[in-house]
Amino acid sequence: MTEQDPKDALRALEVEALDAIDRAQDPEALEAVRIDYLGRKDGRISAILRGLGSMSPERRPAVGQEANRVKEVVADALQNRERSLAGPASSGIEDLTLPGRGPWKGGLHPVTQAVDEIWHIFRDLGFTRARGPEADTEWYNFEALNTPLDHPAADEQDTLYLVDSVLLRSHTSPVQMRTMETHEPPIRIIAPGWVYRRDTYDATHTPAFMQVEGLVIDEGVTFVDFKATLAEFARRYWGPDTQTRFRPSFFPFTEPSAEVDVKRVITRPDGSKEETDWLEIMGAGMVDPAVLENAGYDAERYTGFAFGMGPARIAMLKHGVDDLRTFFENDVRFLDQFV
Amino acid sequence: MNVSYRWLRDMVPGLDLSPEKLAEHLALRGAPVEDISSAGAELGDIVMGVVLDSTQHPNADRLSLCTVDGGHGEVKVVCGAPNVKVGAWYPFAPVGAVLPGNFKIKKSKIRGEVSDGMLCSSKELGLGTEHDGILEIQGEFTAGESFVEAIGLDDATMDVEITANRGDLLSHAGVAREVASEGEGRVELSEIEGDPGIELSFERDAQEARRGPVGVRIDDADLCLRYLGAVIRSVKIGPSPAWLQQRLRGAGARPINNVVDATNFVMLELGQPLHAFDLNGLAGTSIVVRRVREDERSFTTLDGEKRKLTSDMLMICDAERPVAIGGVMGGLDSEVEDDTVDILLECALFDPKSIRSTRKALVMSTDASYRFERGVDPEGMELAMSRAVALIVATAGGEVDGPVLDCCPVAFEAATVDLRLSRIEHLLGVAFEADLVRELLTPLGFDVVGESDGTLQVRVPGFRSYDVRREVDLIEEVARAHGYDNFPSDLGPYRPGTVADHPMFALEDELRQSLAARGLLEAQTPAFVPEGEGDVRVANPLATTEPFIRRAILPSLIRRLEHNFAHGNHDVRLFEIGTSFRSAGSGEPPHEEAHLAAVLHGRREPPHWSSDGAALAVWDLKALLERVAATAYGGAAVVVPGSQEDDTFVAGAAFDVQLADGSVVGRGGLLKGEVVDPPAWAGEIWGLEVTLPSNPGAPEVVTFHPLPQFPAVERDLALLVPDNVWAYDVDALIRIRGGPLLEGVELFDLYRGEAVTQGTRSLAYRLRFRSPDRTLKDKQVDKAVGVILARLKEELSVEQRG
């Protein structure tokens with residue numbers, strides 16, 4: 001039988017001692033444990049420390065270091081256990097397990113949080129925020145965006161009208177035209193805001209909801225920049241493994257148009273990874289030259305891209321909220337969960 | 001658009017993709033598949049059965065006893081249907097079969113007679129809602145063959161979402177073209193069983209095409225560009241052959257009769273809606289295409305509905321009266337019926353905008369109007385007519401009478417669009433060679449007819465003439481055919497924009513953070529409110545209970561507070577930043593302002609064993625309002641006791657946010673009982689609403705004050721302040737009269753009680769004096785305090801407490 005390595009013996013002793021400390025139910029039992037391991041005369045760890053002198057000089061430093069470490073760990077554990085066995089009353093101090101005191105916690109609505117996260121990413125990508133009125137005209141909501149009122153595309157967003165040609169905007173895209181009218185390129189904005197549609201309340205529809213519009217116009221902006229910017233957004237929002245897919249689609253104010261889907265990679269509690277299905281997150285495309293011309297821009301010189309997404313839908317996906325209406329109930333027990 | 005998988009596969013020979021793979025394919029071409037369903041999925045146990053004999057059930061009047069051959073010899077089946085016929089074929093569920101809804105067929109005895117299976121109705125099979133009899137299947141079958149295969153239910157119906165610009169995809173040929181262009185083969189029209197092989201001739205005229213007694217005329221050429229009419233005589237109306245019925249069912253359509261089915265088949269195949277008239281129901285056996293006349297304001301469509309017409313609607317008329325709403329729906333009087341002998345088959349091209357306004361005015365949409373609105377192929381009309389005629393003659397017999405009458409006031413001319421290779425690269429960021437562009441566009445039906453100096457001349461086919469008109473439209477086609485996913489996605493450099501971040505966002509962010517830090521939760525509520533809470537009415541509201549958009553946010557928050565109360569939530573502190581709408585005069589967009597509102601109820605602090613659990617009080621509301629006012633308006637706003645009676649806040653417990661010019665931009669205070677409906681256990685409820693500046697300036701720049709070098713001297717003064725003197729005035733007087741040495745004033749106690757004179761209260765102030773350049777002596781401070789006390793007594797009758 002070969003002699004056991006003293007370091008292994010020390011580690012075994014450490015485990016044994018910590019277990020004994022945990023099991024000690026009163027100060028007397030704990031004192032017995034202390035004597036057993038750290039007692040000056042017969043303590044088992046003390047004995048190893050004492051035996052260092054007879055060890056070969058090559059082994060001595062490593063074993064000594066380990067023995068001192070174990071001694072410290074065990075001494076700390078003894079002290080902690082002693083305090084917890086004694087209780088607060090006997091030591092004459094406050095019972096520090098009582099709850100602390102502080103003000104109410106407030107917080108932002110989960111949809112605002114989603115808007116903020118989206119904004120922060122685009123801010124880092126060089127965007128600023130623009131805004132426009134929520135009640136707007138048919139010109140800004142449809143016609144300026146290359147959507148003739150007699151085209152079926154104008155139906156797809158069932159619009160709420162106020163009077164004559166004044167309506168509640170059915171998307172944040174009117175901000176595109178309003179921004180271009182008052183600014184020269186380069187344009188690099190997002191426009192978060194409320195939009196309105198003639199939709200009945202159900203799990204996935206509400207007649208008012210937040211949208212985040214985006215618009216980039218400059219010389220030399222291409223379909224490649226368009227894809228790259230939105231793929232970068234998706235990776236920053238959902239993580240570096242996120243894949244992005246662009247599908248052809250139709251919006252009157254973009255050409256080519258696309259729907260953007262993402263596939264996320266979710267890490268399970270056990271560390272394994274799982275890919276989600278493709279989730280549709282936004283409509284987008286290269287700005288139609290007719291829109292640039294309506295803004296008075298030279299469409300041969302300038303190109304750009306635009307996109308629009310729904311932060312409430314993104315918040316639903318992120319937090320597992322299964323009914324959009326929950327966001328409008330504003331039950332404080334719900335809002336508290338996002339603080 | 002419901003697409004039959006089998007139909008599609010037959011049109012694209014060599015297509016070898018499962019319905020699921022095909023759906024993925026289509027999604028990446030811009031036509032995502034919403035759903036794939038199969039009507040026959042649950043009917044695998046059902047077989048074709050023929051009734052060999054039927055006698056009256058001996059013990060029940062309404063039941064019959066049938067002998068059925070279901071492929072495994074003759075069996076006896078008790079049947080309750082009134083329409084059972086000897087020699088007819090029916091879906092038969094033998095013993096052991098499972099029907100939809102997990103309904104198992106067992107051997108049973110009904111009124112004493114054994115029944116070995118069941119003859120099924122369409123409702124029992126989940127194919128329809130009709131329960132008035134068993135489902136008779138026309139045609140010749142083998143007893144015991146699969147019902148699903150026999151009637152073509154072994155198909156997958158794909159619900160394809162077609163965007164508004166792609167009317168050309170509202171047909172199997174269109175979808176097949178998209179699939180085939182991926183290199184999956186080419187589009188072929190299937191052979192018609194019993195095709196008579198008729199070569200149609202067309203007699204064309206710009207105004208009126210006429211042959212003998214039959215004529216076709218277009219009076220309003222702005223709304224109808226072309227009208228083809230074919231006369232087929234001596235048809236025999238009856239059910240369509242099984243293969244035709246199968247096709248229709250696979251595409252989600254219901255078979256009706258051979259003539260109607262033929263028109264529906266061609267519409268689903270090629271996208272051209274057709275309509276068959278009973279020729280003998282047309283006065284003067286003629287068609288006139290024209291707008292509604294003054295005296296024709298009502299029309300009954302073939303669904304039996306009486307429709308109100310307006311003068312801009314285009315009608316298909318006979319010599320006397322309208323017989324169809326052009327491109328929308330036929331009329332009841334000229335419908336093809338079982339005894340129809342001669343038909344006039346219509347194949348027309350209508351103006352999409354006119355169809356759209358007509359069907360919107362009539363609040364209806366049909367398969368035909370849906371397609372006309374999105375654009376029907378002007379170059380495909382002859383083919384559609386030929387297919388329909390061949391189908392009708394093949395399935396209903398009859399003879400084509402003369403050439404097709406072709407009235408064509410506006411001949412279609414295909415456009416040729418210039419496409420610069422340089423522009424493709426400019427927009428898409430990738431260079432494309434001319435050959436590749438040709439390769440990508442040709443399978444989609446485009447024809448590169450010329451090329452010079454890096455510019456291609458591209459002829460646009462009729463079916464794309466609605467959405468491809470400009471160079472950029474062709475570039476999209478190039479990108480689409482190339483595949484969006486095949487473009488690189490490398491982030492390049494960019495220039496910053498010229499648009500400054502709108503200052504309202506920064507202000508809103510700061511207010512949100514500030515209120516959240518003070519323990520409030522942000523709410524979001526929709527802008528729709530009931531009458532009385534808004535000035536601006538929605539013309540077409542969805543909910544008649546909330547037809548207005550709000551002028552204030554607070555009432556919406558109060559509703560949310562009540563919702564929380566109803567759920568037993570006691571401590572509720574909500575705020576919201578939203579838009580207030582006010583009428584700006586007739587026809588104008590309303591005036592919009594950003595508002596911040598808050599509503600509060602419950603304890604000041606979270607429950608704690610050391611706390612007294614005190615409720616929120618007026619001082620909490622005041623500080624909150626001051627915080628909001630200071631954040632929104634900086635030093636320009638003050639919070640003062642409410643000056644006016646109002647409907648929302650209790651007088652004497654309300655504040656105004658006032659600007660230097662005296663204008664009030666916000667209010668807050670204790671809510672009146674009328675505006676909130678709390679439960680009995682609720683305490684005081686506080687609210688506020690502040691208008692935010694529309695263009696907030698930059699935040700004020702802080703100017704540094706050097707820290708003092710010499711010690712301060714403090715003096716406490718207890719003052720007896722008469723009840724008619726405001727604390728604000730006492731404070732202001734001390735500051736003004738305190739002289740340059742007075743550094744700060746702090747109210748640290750308020751006492752009212754026996755020890756002080758009736759009609760006064762004791763306010764205790766701590767005054768802090770300091771000199772910037774030396775240590776103060778008591779004498780100097782005594783002098784300054786003496787001045788303050790003298791002025792207080794003289795100006796406000798405030799005396800020091802003894």
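Two residues are in contact if their C-beta atoms, placed from the backbone, lie within 7 Å. With that in hand, here are close-up views of a predicted model.

**View 1. Domain 1 of chain B meets domain 3 of chain B.** In the domain assignment, domain 1 of chain B covers 2-38 + 156-184 and domain 3 covers 202-407. Their C-alpha centres lie 27 Å apart. Across the boundary, 14 residues of domain 1 of chain B are in contact with 13 residues of domain 3 of chain B. On the domain 1 side, strand 1 (2-4), helix 1 (5-11) and helix 4 (172-184) of chain B each give two or more residues. That side divides into 5 nonpolar, 7 polar and 2 charged residues.

**View 2. Chain B in contact with chain A.** Here 82 residues from chain B and 78 residues from chain A take part. Among the elements of chain B that give two or more residues to this side are helix 7 (352-361), helix 8 (367-374), helix 14 (554-566) and strand 34 (572-582). The largest share, 6 residues, comes from helix 13 of chain B. By class, the chain B side has 39 nonpolar, 23 polar and 20 charged residues.

**View 3. A closer look at helix 7 of chain B.** Look here for the buried residues B:P352, B:S354, B:I355, B:R356, B:T358 and B:R359. Their cover includes strand 21 (314-317), strand 22 (322-325), strand 24 (343-350) and helix 8 of chain B. After helix 7 of chain B comes B:V363, with a positive phi near 50°.

**View 4. An open sheet of 7 strands in chain A.** The strand order is 1-5-6-12-11-8-7, and the pairing is mixed. Strand 1 (128-129) and strand 7 (243-251) of chain A stand at the edges with a single partner strand each, so one side of each has no neighbour in the sheet. Within the sheet, strand 8 (residues 254-263) and strand 11 (residues 279-287) of chain A form an antiparallel pair over 7 bridges. To find your place in strand 11 of chain A, look for A:G285, which stands opposite A:S257.

**View 5. Helices on the sheet of chain A.** Helix 5 (residues 110-124) of chain A lies across strand 1, strand 5 (187-196) and strand 6 (208-219), running at about 10° to strand 6 of chain A. Helix 10 (residues 311-319) of chain A packs on the sheet too, touching strand 6, strand 11 and strand 12 (302-309). The direction of helix 10 makes about 110° with that of strand 6 of chain A.

Key. Residues numbered from 1 in each chain as written. Chains lettered and ligands numbered in written order. Predicted model: local features only at pLDDT ≥ 70, side-chain atom pairs only at ≥ 80, totals over all residues. Domains from an automatic or database assignment. Helix = DSSP H or I, 4+ residues; strand = E, 2+ residues; numbered from the N terminus. Nonpolar A, V, L, I, M, F, W, Y, C, P; charged D, E, K, R; others polar. Buried ≥ 20, exposed ≤ 12 C-beta atoms within 10 Å, placed from the backbone. Pairing = 2+ DSSP bridges. Axes fitted to C-alpha atoms, helices over the stretch in contact; angles between N-to-C directions.
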